[in-house]
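Work through the exercises below with the model open. Each task is followed by a stepwise solution.

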Amino acid sequence: MQRTIYIISGPAGVGKSTTSKRLVERLDRSSYISGDDVSHIPVNGRGKPWLCKETHDLTWKNILSLIKNLISYNYDIVIDYVTFPSEARWLVKELKYSDVRIHYIILMVDKETIIHRDSLRAPSVQMGERSVVLLNEFNDELNDFNNVLDTQEFTADQVDLVVNEILNSNRFLIN
């Protein structure tokens, strides 16, 4: 049976975790991979994935291993992580012989919204300027990219509308 992988991406503060957790609840046989949690598996000697290539590569190899294990047990997978198009393409290449569909969804908002949403987080998990840096990096890479879903006008109470768009649209399919 073909399984589906949903990569929920975008800069910090766009609603990746909220959307991912709601999406995983809607799937019959589902699993959830938090890329942030996977990146924190190594404790001592770990670098920040956006600054340390070794940590970045290890994180993605660990995510790939989890995906392969979950697929072998017939789970759909929701990945919640800052995933750029190059990383999504790498994942497609690594899974080309697997019986999976991969949907890549990039949630986006404008700068003011991302700053506001970040300010609503607990101080210990606020990303500050890093949210804006990531927003700019995504904007630089997303020229005419069809996988963007604008969540600007959605509140946390409307996350089901975002999930419905993800589940009912093939425009996010990348393989």
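**Exercise 1.** How much space lies in the largest pocket?

*Solution.* The model is predicted: local features need pLDDT of at least 70, side-chain atom pairs count only at pLDDT 80 or more, and totals for chains, interfaces and linings use all residues. Residues are numbered from 1 along each chain as its sequence is written, and side-chain values use heavy atoms, leaving out hydrogens and water.

Step 1. On a 1 Å grid over the protein atoms alone, a pocket is an open set of points where a 1.4 Å probe fits, with protein on both sides within 12 Å along at least five of seven lines; lining residues have an atom within 4 Å of a point. Volume is the space filled by probe spheres set on the points, which are joined across faces, edges and corners.

Step 2. Read the volume. The largest pocket holds about 740 Å³.

Step 3. Find its centre. Of 30 lining residues, A12, D36, Y81, V82 and M127 lie nearest to it.

Step 4. Assign elements. Helices (H or I, at least four residues) and strands (E, at least two) are DSSP runs, numbered from the N terminus. At least two lining residues each come from α1 (16-26), β2 (30-34), α2 (35-39) and α6 (129-141). The largest share is that of α1, with 4 residues.

Step 5. Classify. Ala, Val, Leu, Ile, Met, Phe, Trp, Tyr, Cys and Pro count as nonpolar, Asp, Glu, Lys and Arg as charged, the others, Gly among them, as polar. This lining has 10 nonpolar, 10 polar and 10 charged residues.

**Exercise 2.** Which element supplies the largest share of the lining of the second largest pocket?

*Solution.* Step 1. The second largest pocket holds about 330 Å³. It is lined by 18 residues, and G13, G15, T18, R117 and A156 are the closest to its centre.

Step 1. α1, α5 (111-120) and α7 (159-168) each give at least two lining residues. The largest share, 4 residues, is from α5.

Step 2. By class, the lining has 6 nonpolar, 10 polar and 2 charged residues.

**Exercise 3.** At what angle do α1 and α7 pack?

*Solution.* Step 1. Axes are lines fitted to C-alpha atoms, for helices over the stretch in contact; angles run from 0 to 180 degrees between N-to-C directions. The α1 and α7 axes lie 9 Å apart, at an angle of about 65°.

Step 1. The crossing is right-handed: the near helix is turned clockwise from the far one by less than a right angle.

Step 2. Contact means heavy atoms within 4.5 Å. On α1, T18, T19, R22, L23 and R26 take part; on α7, V159, D160, V162, V163, N164, I166 and L167. These divide into 6 nonpolar, 3 polar and 3 charged.

**Exercise 4.** Which residues make the contact of α5 with α6?

*Solution.* Step 1. The two axes come within 9 Å and cross at roughly 145°. The crossing is right-handed.

Step 1. K111, I114, I115 and D118 of α5 meet S131, V132 and L135 of α6.

Step 2. The contact of α5 with α6 has 4 nonpolar, 1 polar and 2 charged residues.
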